[in-house]
Amino acid sequence: VLYATQLDRAGGFGESTAFLALIGPAGQSQQADWTCDRRELFNSEGCPVLPTRLGQRSGLGLDPCAAVACVLTAQPGATVSAVSILGHGWSLPQARHLAEQVRKTPIVERFEQVRAFWGELCGARQVSSPDPAFDALVNHWLPYQTVVCRLWARAGFYQAGGAFGFRDQLQDAMSMVGHAPELLARQIRRHAGRQFSEGDVQHWWHEPGGAGVRTHFTDDLLWLPLALALYVERTGDHALLDEQVPFLQGSQVPPEREDVYESPHVSGHVDSLYEHGALAIDRSLRTGAHGLPLMGTGDWNDGMNRVGHEGRGESVWLAWFLCEVVRVYLPLARARRDGGRVAAWEQARNGWIDALESDGWDGSWYRRAFFDDGSVLGSASNVEGRIDLIAQAWAVLSAAANPVRARTAMQQADQHLFDHKHQVMRLLTPPLQHAQPSAGYIQAYPPGVRENAGQYNHGAVWGLMAFARLGQAGAAWRAFQGISPAHRWQHNGLGETYALEPYVVAADVYTVEPYAGRGGWSWYTGSSGWLMRAGLESLCGIVLKQDVLHIEPCLPPHWQETSVTVHRDGRSWRVVLCQGEHALQTALAREGQARAHPAGTPVLLEEFPASGVLVVDASPGEWRPKVE
């Protein structure tokens, strides 16, 4: 076993120890062959080489690495193997103890333990559909990507920062609420501790020291009350709201600056998580000349950092988002008899809706924002950035828009933003390049890349969910296929152009030739959690709120039968979704004691026996998802 004690304390992890072990086949002699000097693996010209023996070099002043090797001897036709083990301890004795425990456990047993862990975590929701690629993603790869890459590593090949993002990891944990609600509770506690006494938050920070940036972004803080409301709605655990968490104290961001980087300290101001969430909403009630919320230096789209940097710009998308945050947090406020806030928030929400339906409406779709000087962004009058996807999608998802206008807005988004040839849904169009006033650093991106009119998959999933909410099954499924890496590879001609892994979601897909259809950066993206939610909740329509199962599917038109199994606390329930009378009668005859149930009607689990089966008629026209 090769141990490497970390001496650099700059990141706050000094004196911890990592180890690397290579266990060869039993019965074969093992010769120690190792090094901690990476220079042994390169020649004088910097080209990689494989030395005959490693030099067993360790200590300071090296180009550090950990490399171990063993000799494998194989007879003709035989199979031999070696197992590598990587681990970490907070001290050298702890690392040694862990390494010895690993060596004492049979490798097969440890491997089965790992498989069982992932089987239990990912198995809370399992789909069996006519599409194996859909099942593989939703049942395994999407929750795996979300937990391993987003929540644990917080790093990927294209981004190796390791920081927590206030909005980022909250959304990731929200997607896992049906699988492991304790992950969301833990993330809520952690993020509430990065909120300042004034109500704003760190945009991102590194642990354990807490160094990070404080900004004028206006959406970050609002994900905290949204996450709290989701947790309580799904679990019924109101006790979390009463947990006491301290605030931060640090330097405020001057109006003329976009951020402050520092290591703030924990203040003596401590309050309940409910108050943390309520303060975030209180902080967000300020509006501009059009009655819409202030945009600050970013409102989810960080690249639009110059729209409201002077403090007067307004965001249409943020207004929709705030409408939803207030809607879901109001029941918590009412339950706590927080009457003053209830009245203030209801009044603010009504004001935002009025402003959205007046100055926010462009005639055929909703605008995106207003600059500090009052100029409009996301209007038919603009040469660039005429229509933006998330302003239309959240008009539907917030359930606050005029239903006729919301449907019209999504029709326009589909018409203007979807590229049938390359199967991509642009975040906006046309790309922002020369527009004045400048929206910000988004205009430095090449056209069709990331937020600048690429298919930014985070926003594309919101579009998918909006289509499903409207009952537009064909458009919703088309959007899923355009985001899904597995389905892009299955499509003749799209896979080789996409050129990324077929099992993990990318942050974006390029939309402008000659790279249209090429995947952007993969692994490290919040799109994975949102796509899993869209697959389970928007397409299959299965949502468990405490002890009530809600079934509101919007299945792909060609799926005749799909089943979803829900596991919780050692019990399981299976819902069979059918489209068409033949599929329905076939399922009822096959399932024996199964009971039929209409879509759109909640089911009390106490009336649904464990291991029972519900057969649901999910045919189009039999019912319709709620738009408001």
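This is a predicted model: local features need pLDDT of at least 70, side-chain atom pairs count only at pLDDT 80 or more; totals for chains, interfaces and linings use all residues.
## Ground rules

Local features here need pLDDT of at least 70 and side-chain atom pairs count only at pLDDT 80 or more, while totals for chains, interfaces and linings use all residues. Numbering starts from 1 along each chain as its sequence is written, and side-chain values use heavy atoms, with hydrogens and water left out.

## A three-stranded sheet

Let's start with an open, antiparallel sheet whose strands come in the order S22-S23-S27. (Strands are DSSP runs of E, at least two residues, and helices are runs of H or I, at least four, numbered from the N terminus; two strands pair if DSSP finds at least two bridges between them.) Strands S22 (542–545) and S27 (603–604) sit at the edges, each pairing on one side only.

Strand S23 (residues 548–551) is joined to S27 by two bridges.

## The nonpolar cores

Leucine 549 turns up again in the largest nonpolar core: along with Ile188 and Trp462, it has the most contacts inside this set of 138 residues. Helix H8 (residues 316–335) gives the largest share, 15 residues. Another core, of 11 residues, lies apart and includes Met304 and Leu432. (A nonpolar core is a set of buried Ala, Val, Leu, Ile, Met, Phe, Trp, Tyr and Cys residues joined through side-chain atoms within 4.5 Å.)

## A buried arginine

Why does arginine 450 count as buried? Its relative accessibility is 13%, and buried means under 20% relative accessible area, with exposed over 50% and partly exposed in between (1.4 Å probe, protein chains only). Arginine 450 is in the loop between strands S19 (428–429) and S20 (455–456).
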